[in-house]
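User: Hey, I'm new to this one and could use a quick tour. Can we go through it together?
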Amino acid sequence: MNKRHFLGTAALAASFSSLHASAADKTPKGPGLLTVSGAVGKTNRGPVDPALDQLMAKHGVKFDKAYVFDAEALRRLPVVRIKPTLEYDAKVHALAGPLLTSVMEAAGVAADAMLALRAVDGYVVPMRMADARSYRMIVATEMDGAPLALGGLGPLWAIFEADTLAAFKDKPLKERFALCPWGLYSVEVTRG
């Protein structure tokens, strides 16, 4: 047996298996919670299927490819904790999750992009990546130490700490969170 040929083949096989492993890491293992479509640099799913992607079809979301985050992919990103006073009960709550900009960067979204944040009720918020960065908006996955529930404000909520932001802190409580869709499930990205 040719030892050099054997070692070369073994090295090539190892590199193919690591390529396969990194591609498999991109594929969500759990249910998709957030779909980022449009001008994304990374993809792990194909086009909208009108028969199987019912909510997206009803909301007019269309794309040929997208990047989907499951709970585990979101958990792998650095967590930021905020404590805003919420409009729903006028109490301070502890919310935690990755920065929205970190999520977008993980999907290969450019720093100058425009985002359309879409909630399960159809509410859409247009936002520049620069504003999301300036507001330190997070994709909250938990509140007061518990996961955000579907049917409540979750499972994902794009939110910032309005109490500390000059643009929002002096507004009446009911007006501070118009840019913060709860039940976030889709972000459509366009070039800024």
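Predicted model: local features only at pLDDT ≥ 70, side-chain atom pairs only at ≥ 80, totals over all residues.

User: Okay. In E11, which residue is the bridge partner of Met 114?

Analyst: That's Thr 190. Met 114 also stands opposite Arg 128 in E6.

User: How many bridges join E5 to E6, and which way do they run?

Analyst: Five bridges join E5 (residues 114-119) to E6, and the two strands run antiparallel. One of the facing pairs is Leu 115, which stands opposite Met 127 in E6.

User: What do E5 and E6 form, and what's in the turn?

Analyst: They form a hairpin, with four residues between the strands. Gly 122 sits in the turn and has a positive phi of about 95°.

User: Why is E5 said to be largely enclosed?

Analyst: Because five of its six residues are buried, E5 is largely enclosed by the rest of the structure.

User: And which residues of E6 are on the covered face?

Analyst: Val 125 and Met 127 are on the covered face of E6 (residues 124-128). Val 124, Pro 126 and Arg 128 make up the uncovered face. In a regular strand, side chains alternate between the two faces of the sheet.

User: Switching topics: how many aromatic pairs are there?

Analyst: The count comes to six aromatic pairs. One of them is Tyr 135 with Phe 160, which is edge-to-face, at 5.3 Å centre to centre with 65° between the planes.

User: Where do those two sit in the chain?

Analyst: Tyr 135 is in the loop between helix H5 (129-134) and strand E7 (138-140), while Phe 160 is in the loop between strand E10 (157-159) and E11. They are 25 residues apart, so the pair links distant parts of the chain.

User: Is Tyr 135 buried or exposed?

Analyst: Tyr 135 counts as buried, at 17% relative accessibility, because the cut-off for buried is under 20%. Phe 160 is buried too, with a relative accessible area of 0%.

User: What about Phe 160 and Phe 177, how are their rings arranged?

Analyst: Their centres are 6.3 Å apart and their planes are at 20°, so the pair is stacked. Both residues lie in the loop between E10 and E11, 17 residues apart. Phe 177 is buried, as is Phe 160.

User: Which residues do the ring pairs link into a cluster?

Analyst: Tyr 135, Phe 160, Phe 168 and Phe 177.

Note on methods. Residues numbered from 1 in each chain as written. Heavy atoms only, no water. Buried < 20%, exposed > 50% of the residue type's maximum accessible area, 1.4 Å probe, protein only. Pairing = 2+ DSSP bridges. Phe/Tyr/Trp six-rings, centres within 6.5 Å; stacked < 30°, edge-to-face > 60°.
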